[in-house]
Amino acid sequence: MHVEGRDDHDQVAFRDDAAIVVRDGLIESVTAAADVVGLPAAERIDARGQAALPGLINCHTHAPMVALRGIAEDLPTEAWFDDVIWPVESNLTARDVEWGARLACAEMIRGGVTCFADHYFAMDAVAAVVEECGIRAHLGQAFFSSQGPEGRERSLEFALRHRGGAGGRITTALAPHAPYTVDDADLAATAELAREHGLPVHLHAAENRDQTAAGLARHGVTPIEVLERTGILGTDVLIAHGTGVVERDLPVLERAGGRVAVASAPRGYLKFAWPTTTPVRALRAAGVPVGLATDGAASNNSLDVWESMALTALVQKSAEGDPRWMTSRQALHHATLQSARAVGLDGVVGSLAAGHRADIVLVDLTGPHTQPVHDLAATLVHSARASDVRTTIVDGRVLMRDRELLTLDVASTVRELGKRLPALLDRGHGRRVQRYDAE
Ligand SMILES: [Zn+2]
């Protein structure tokens, strides 16, 4: 059985008894299992009882923040940033980032994630881990205006140097933090650099309704309108969260003409008790794809994109008061094709179709919690779990086989990261990398 993304009517297609032929990292063909019986192959994976899906894509995260999982619990957004996260991040070293990225990649590969969009500091270390472990990534070096023009220049230098890295598995973006930490002049300069160098932009914006309200009260504009007037919406831009997108933003986003995508990570919104979620249905009407994400593990507690898929489907039903939105098939469409579009990889990944990169996960459906299968989409979204992923393949290379990671060692990673935690978590110095002052 396999799932193939299709772009018509938000639908996905399924096929029984399928075989996927992979050659040189690409899907060469998708055919009937009976057709490949005598085909010579360097390797054959028997996946009877399993479903093959395009690998999941984590469209917005801060992978190394797994080191901070659970250090700032049950706090409002401002206290989370100002009292814990930003003081701790003033201690951050490239080695912390490197070991954190290893743990994060292990978690993601185990959960069927084959690509992640990362937005953090010391990103050379993340790029090195991506190269080493075989996953795919869309990377951006984050910056604040408080760093001066050097922040933006370093983000550009990183994006140019790593673009096409790791045998083409790394793509890059310019990564201003957010409109409330990067001023208009800096955003406008970023948009100019994006155009000049053909780079996309990845940033947080309209994260919650308070940020939108603060923007309107202080400057008379919403964060989305700030992105328009600074030229950011004229670039290929990936916006994290957008739970503060309001009615007047929708025509603005529609005018951007398909260059905008949004990443939704609903667990964190629930945890911070934000009053709204990403308005996926309204964004769809405005022609904006919405990819699935986890955000960092310091707010989300996991990098489980499978859970984001289930939560997105549930939260959307609740927010819209409509059990017919979003359906399991729509949730799968977001998890596959729309997520690929969000990270600029449409036509490259996100579908098990000939000519796409062979980023494939095999999901065991034989467990008691997934049987019987009356509706495959519902089984995948609402019954299966990340731990049902048995095999994870990126670019035709097996990174996890029968739940065993082949390119990363979790025990040594946890040990090395653990040695670094006392220095990383020290807040006795009273410094912080930034202050939260929404808009
Ligand atoms: Zn984020």
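I began with the aromatic cluster, which is formed by Trp80, Phe81, Trp86, Tyr120, Phe121, Phe144, Tyr180, Tyr269, Phe272, Trp274 and Tyr436. Rings of Phe, Tyr and Trp (its six-membered ring) pair if their centres lie within 6.5 Å; planes under 30 degrees apart count as stacked, over 60 as edge-to-face and the rest as tilted.

I noted that the model is predicted, with pLDDT of at least 70 required for local features and 80 or more for side-chain atom pairs, while totals for chains, interfaces and linings use all residues. Residues are numbered from 1 along each chain as its sequence is written, and side-chain values use heavy atoms, without hydrogens and water.

I searched the whole structure and found ten aromatic pairs. In one of them, the ring centres of tryptophan 80 and phenylalanine 272 are 5.5 Å apart with planes at 85°, so this pair is edge-to-face. Tryptophan 80 belongs to helix H1 (residues 77-89) and phenylalanine 272 to the loop between helix H9 (266-271) and helix H10 (280-285), so the pair ties together parts 192 residues apart in sequence. Helices (H or I, at least four residues) and strands (E, at least two) are DSSP runs, numbered from the N terminus.

I then looked up phenylalanine 81 and tyrosine 436: their ring centres are 5.1 Å apart and their planes at 20°, so the pair is stacked. Phenylalanine 81 lies in helix H1 and tyrosine 436 in the segment after helix H15 (410-425), 355 residues apart. Both phenylalanine 81 and tyrosine 436 are buried (under 20% relative accessible area, 1.4 Å probe, protein chains only; exposed is over 50%, partly exposed in between).

Finally, I recorded that buried residues make up 60% of the 439 residues in the protein.
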